[in-house]
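I opened my notebook to get to know a structure that was new to me. Here are my entries, in the order in which I looked things up.

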Amino acid sequence: MSSITLLAHAKINLTLDVVRRLPNGYHEVDMILQSLSLADEVTLTALPEEPGVIRLTVENPEAPGEDIPADARNLACRAAALLAEDHAFPAGLSIRLVKHVPAAAGLAGGSADAAAVLAGTNRLFSLGLTEEELAAYGVRLGADIPFCLTGGTRRARGIGEKLEVLPAMPACTILLAKPAEGVSTAAVYGALSIGTRPPYPHVATEDACKALREGDLEALCGACGNLLQEVTQPMLPVIGELAEHMKEHGALAALMSGSGPTVYGIFTDAEAAGEAARSLPEGIRRAVTAPAAAGLSLAAGPGRSTT
Ligand code: ATP
C-alpha cells in the first residue's frame, strides 16, 4: 500500500458535565460523545524518495479564511512526528487534509485529523501498533483523540480518555450551526469555578445513557445537556439565539457542543432540519449531518487505498 484515504469524523457532545478541577489544571469530565457523518478527508502517501520528511497540505474549500496551521503546528503533523519518534518510518510521509469540519468549533476536527494520521500511518507503514497503543499516543496530543480513534456513541470520563461503549444513537438528522465568533476553550474552562459558587445544575448523564439503552430518542433529547453552555452563552448570546431558532423549527433538542461555539439541533424530520438550516441568519456556517457509527472510516471510491 502506498496511499490511504481516511474520513476523520466530527463529534458532538450529547452531554458534557464537569466533575471537578484536577490539581494539574485539567478538568475531570463526564460526557457522552457522538460521531457524525461530517468528516475531513485525510490522505496519507508514502514518499520512498524522501525518507524522514513529513509534508502537509491543507485544503479548506468551504472556509478558506479559517486559521488552520499548514505546518508542524498542525495536529496531523504532530501526530505523525510523535509516531516517528518511536518507530522508524520506511519512507517519508505526505499528509493531505481536505477540511469539511469547521475548526475551533467544539467538533474535534483537529483531533479527528490527528486520529486519522495515527491509525492511517500505522496501517500504511505496517507499524503493528494496537488500538490501545494508538490511544496512548493520541491522549498525549489531545483528550478527544482516543474517542476519535474509535468513535460511535461513547461515554468518556477522566479527561475524556476513559471510554465506555454505549448503544448507537437512534436515527435522526443533526443540524450544526457555527457562529463566526470563536471562544477560547481555556477561557471557558477558566470561567468555571466548581465548588466556589452555587453549583451549576448537573447534567443528566445517567438519564441519557438509559435513553440510549432503550433506543428512546425523545428521552435522550430531554437529557442532553452541556454544563459549559452556562459559561459560553453569556459570552456569546448568539448561542442561545441559534438554539431557539432550531427549537422553533422542530428540533427535539438544541444545545452547544463541547466548549462551543457550535450549536447542534436534533431533528426527527430531515425536511424541518433543512428548513431550519436555510433560514439561519447570514454569517452562520451550517451543515446538515447524521450520527455515524465510527470515528474513522475508509473513504469510498476507487483508488482511495492504492498499492
Ligand atoms: P475540540 O472539540 O477537540 O476542542 P475544536 O473543534 O474546538 O476541538 P479544532 O478544530 O481541533 O478545535 O481546532 C482548534 C485549533 O487547533 C484551531 O484554531 C487551529 O488553529 C488548530 N489546529 C491544529 N491542527 C488543526 C487541524 N488539523 N484542523 C483544525 N484545526 C487545527
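**Entry 1: the ligand**

I began at the ligand, where one of its oxygen atoms is 3.5 Å from an N or O atom in the side chain of Ser111. I count a polar contact when a pair of N or O atoms lies within 3.5 Å; within protein, one must be able to donate a hydrogen and the other to accept it, and residues adjacent in sequence count only if both atoms are side-chain atoms. Before going on, I noted that this is a predicted model, in which local features need pLDDT of at least 70 and side-chain atom pairs count only at pLDDT 80 or more, while totals for chains, interfaces and linings use all residues. Residues are numbered from 1 along each chain as its sequence is written, and side-chain values use heavy atoms, with hydrogens and water left out.

Which residues come nearest to the ligand? I found Asn74, Lys99, Ala108, Asp113 and Asp144, out of 18 residues around the ligand; a residue is near if one of its heavy atoms lies within 4 Å. The side chain of Asp113 has an N or O atom 2.9 Å from a nitrogen atom of the ligand. For Asn74, a polar side-chain atom lies 2.8 Å from a ligand nitrogen. The protein buries 78% of the 610 Å² that the ligand exposes when taken alone (Shrake-Rupley method, 1.4 Å probe; for residues, only the protein chains shown count as cover).

**Entry 2: the sheet**

Next I traced an open antiparallel sheet of four strands, in the order β9-β10-β7-β11. Strands are DSSP runs of E with at least two residues, helices are runs of H or I with at least four, and both are numbered from the N terminus. Two strands pair if DSSP finds at least two bridges between them. At the edges I found β9 (253–256) and β11 (285–289), each pairing on one side only.

Strand β7 (173–178) pairs with β10 (263–267) over five bridges, and Ile174 has Ile266 as its bridge partner there. Five bridges also join β7 to β11, where the partner of Leu175 is Val288.

Is β7 enclosed or open to the outside? Six of its six residues are buried, so β7 is largely enclosed by the rest of the structure. Buried means under 20% relative accessible area, exposed over 50%, and partly exposed in between (1.4 Å probe, protein chains only). I read off Thr173, Leu175 and Ala177 on one face, with Ile174, Leu176 and Lys178 on the other.

Helix α10 (270–278) lies across β7, β10 and β11, at about 10 degrees to β7. For such angles, axes are lines fitted to C-alpha atoms, for helices over the stretch in contact, and values run from 0 to 180 degrees between N-to-C directions.

**Entry 3: two side chains**

I then looked up His245, which lies in helix α9. His245 counts as buried, because its relative accessibility is 14%. Its side chain reaches the backbone oxygen of Ala276 at 2.9 Å. His245 also touches Ser279 and Leu280, contact meaning heavy atoms within 4.5 Å.

My last stop was Arg286 in strand β11, which is partly exposed at 32%. The side chain of Arg286 reaches the backbone oxygen of Pro281 at 3.0 Å, and one of its polar atoms lies 3.4 Å from the backbone oxygen of Leu280. Among the other residues that Arg286 touches are Leu176 and Ala277.

Technical notes: Lists of a residue's contacts leave out its neighbours within four places in sequence.
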